[in-house]
Amino acid sequence: MDKFRIMVQFLQANQESFMNGICGIMALASAQMYSSFEFTCPCLPDYNYAYGIGILVVPPIWFFLLGYVLNNNISVLTEEWKRPVGKRRKDPAVLRYMFSSMTQRALIAPAVWIAVTLMDGKSFLCAYSATTDLSKFINQTYQGLSKKELLKLQARIPCEDVFDEHEIISREAATRYIRCLSQACGWTFLMIITLAAFLIRAIRPCFTQAAFLKTKYWSHYIDTERKLFDETCKEHAKSFAKVCIQQYFESISGEFVSHLQLPQKKGKGDKDDDGVKQKSDEEKLLGIRKEEDMNKVLWNWHECKPALLLNKRAQDANGHAHSVTDGFSDKNCTQTPMKKTAVAYYSKV
């Protein structure tokens, strides 16, 4: 259990590596799904094209959307895009960088599916067998076939078990010809996406290095700030619950609480195994001891995030640190939350 917890903490701390691993797994999964997929062409002129193109296009769209769903940064991007401006302006360049980064990762699995499908050639053969010019493979004695009959004949080429007109057209030669075209399209697709990836990853930072570093830094900041805020809220909620429960039992009976084996809270000067001082539950509350105060803090964090300007800290005569200027005392950012608000709950994948 400890090893699993350590692994989860490592993946949370290295989210970029984790997302790259997820993209790699999705790419392998797309290739594995294609290899285990039972391809069944209808071999009918009216349905071959729809079935073949559907196999080539629909799964990549599903993989693309799944790449966004599995990426935790999609919620970060949406929150940053929809949040009120408050004291902190929104930089469109940072939002574009975050969106492009997620899109690049989400495109890996669809690209693998399309490349594998074109290299295999089954869907391409099913989609274009009826419309490809195969006159060079038709027997000279059957050149007088009508267009409708020829269309039905070519539509049955992908189905070896139902094709019985070998004396009219060479099925093996026609199949190899169409699969050759499919593989040519596959290699062209791989060259295009490789060249595009090279231009995006290598050439773009050379022209706008300063802007690239700025957008990359602030995108990492937004992600890190959200993680630290969530961790602080969890720690505060845990301390709030422990103090609330302890005060409840103390209020029930002062004599009975002495016999309870409650978890012993650490004092201000307690140390852990590494010799580092640990804060008590009272100190972790950070002075917020009422439900209304906590709701106000959460409301203000959403409506008016603090400006990206760190205040210098000084010490008074008692040795306590305090800010020289109070950057969170703006009257415009201390609104009382409305009683009737629409709340949306989502699951963090």
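Predicted model: local features only at pLDDT ≥ 70, side-chain atom pairs only at ≥ 80, totals over all residues.

**Cysteine notes**

The torsion about the S-S bond of Cys 43 and Cys 159 is about 90°, so I noted the disulfide as right-handed. The pair ties together distant parts of the chain, 116 residues apart: Cys 43 lies in the loop between α2 and α3, and Cys 159 in the loop between α8 (147-155) and α9 (171-207). Buried or exposed, I asked of Cys 43 and Cys 159? Both are buried.

Next I searched the whole structure, and the search gave 2 disulfides. Besides the pair above, I found Cys 41 bonded to Cys 126, S to S 2.1 Å. This link of Cys 41 and Cys 126 is right-handed, with 75° about the S-S bond. Where do its two ends sit? I placed Cys 41 in the loop between α2 (15-36) and α3 (48-69), and Cys 126 in helix α7 (residues 122-128), 85 residues apart.

I then checked accessibility for this pair. Cys 41 has 10% relative accessibility, under the 20% cut-off, so I count Cys 41 as buried. Cys 126 is buried as well, at a relative accessible area of 0%.

Last, I turned to other cysteines. Cys 185 is partly exposed, with a relative accessible area of 35%. For Cys 244 I wrote down 45% relative accessibility, which also counts as partly exposed.

Methods. Residues numbered from 1 in each chain as written. Heavy atoms only, no water. Disulfide = S-S within 2.5 Å. Helix = DSSP H or I, 4+ residues; strand = E, 2+ residues; numbered from the N terminus. Buried < 20%, exposed > 50% of the residue type's maximum accessible area, 1.4 Å probe, protein only.
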